[in-house]
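User: I am new to this structure and would like to go through part of it step by step. Please show it first.

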Amino acid sequence: EKVAQRLGLAERTLQSRLRKQGFSFQQLVENLRRTLADIYLMDRRLSLTDISMLLGFSEQSSFTRAFRRWHGESPAQARQQMR
């Protein structure tokens, strides 16, 4: 609703336009979270809890589950491999 308002669109109009492009709003949010997670993990000053909160997850465990779904490994494992 807030995104549609910021774009000057009705919520249904935004949903319809996204659907025509083959996306849902939730897919866009998920893709953005995934991309930002990868970027944030490179910044060693950010803890996994910090990253979880920046991405809008209510708990670090929720972020860890999502990250595992996206990459097949935990964020801690991914961060370790970046060294």
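User: How many residues apart in helix H5 are Phe63 and Phe67?

Analyst: The model is a predicted one. An α-helix has 3.6 residues a turn, so residues three or four places apart point the same way. Phe63 and Phe67 both belong to helix H5, and about one turn of the helix separates them, that is, 4 residues.

User: Are the planes of the rings of Phe63 and Phe67 stacked or edge-to-face?

Analyst: The ring centres of Phe63 and Phe67 are 5.9 Å apart. Planes over 60 degrees apart count as edge-to-face. The planes of this pair stand at 65°, so the pair is edge-to-face.

User: How many aromatic pairs are there in the whole structure, and what kind is the pair of Phe57 and Trp70?

Analyst: A search of the whole structure gives 4 aromatic pairs. For Phe57 and Trp70 the ring centres are 6.5 Å apart and the planes are at 55°, so this pair is tilted.

User: Where do Phe57 and Trp70 lie, and how many residues apart in sequence are the parts that the pair ties together?

Analyst: Phe57 is in the loop between helix H4 (48–54) and helix H5 (60–71), while Trp70 is in helix H5. The pair therefore ties together parts whose separation in sequence is 13 residues.

User: Is Phe57 buried or exposed, and which charged residue sits over its ring?

Analyst: Buried means under 20% relative accessible area. Phe57 has 10% relative accessibility and so counts as buried. Over its ring, 4.0 Å from the centre, sits the charged end of Arg33.

User: Which residues do the ring pairs link into a cluster?

Analyst: Phe63 and Phe67 are both buried. Trp70 is buried too, at a relative accessible area of 11%. Ring pairs join these residues with Phe57, and the cluster is Phe57, Phe63, Phe67 and Trp70.

User: Why are the buried residues of H5 on the same side, and what arc do they cover?

Analyst: The buried residues of H5 are Phe63, Thr64, Ala66, Phe67 and Trp70. Arg65 and Arg69 are exposed on the other side of H5.

User: Which helices do the buried residues of H5 pack against?

Analyst: Among these buried residues are Phe63 and Trp70. The buried residues of H5 pack against helix H3 (25–41), H4 and helix H6 (75–81).

User: What span should H5 have?

Analyst: H5 has 12 residues, at 1.5 Å a residue.

Notes: Residues are numbered from 1 along each chain as its sequence is written. This is a predicted model: local features need pLDDT of at least 70, side-chain atom pairs count only at pLDDT 80 or more; totals for chains, interfaces and linings use all residues. Side-chain values use heavy atoms; hydrogens and water are left out. Rings of Phe, Tyr and Trp (its six-membered ring) pair if their centres lie within 6.5 Å; planes under 30 degrees apart count as stacked, over 60 as edge-to-face and the rest as tilted. Helices (H or I, at least four residues) and strands (E, at least two) are DSSP runs, numbered from the N terminus. Buried means under 20% relative accessible area, exposed over 50%, partly exposed in between (1.4 Å probe, protein chains only). A charge sits over a ring if NZ of Lys or CZ of Arg is within 6 Å of the ring centre and within 35 degrees of the ring normal. The expected span of a helix is 1.5 Å times one less than its number of residues. Contact means heavy atoms within 4.5 Å.
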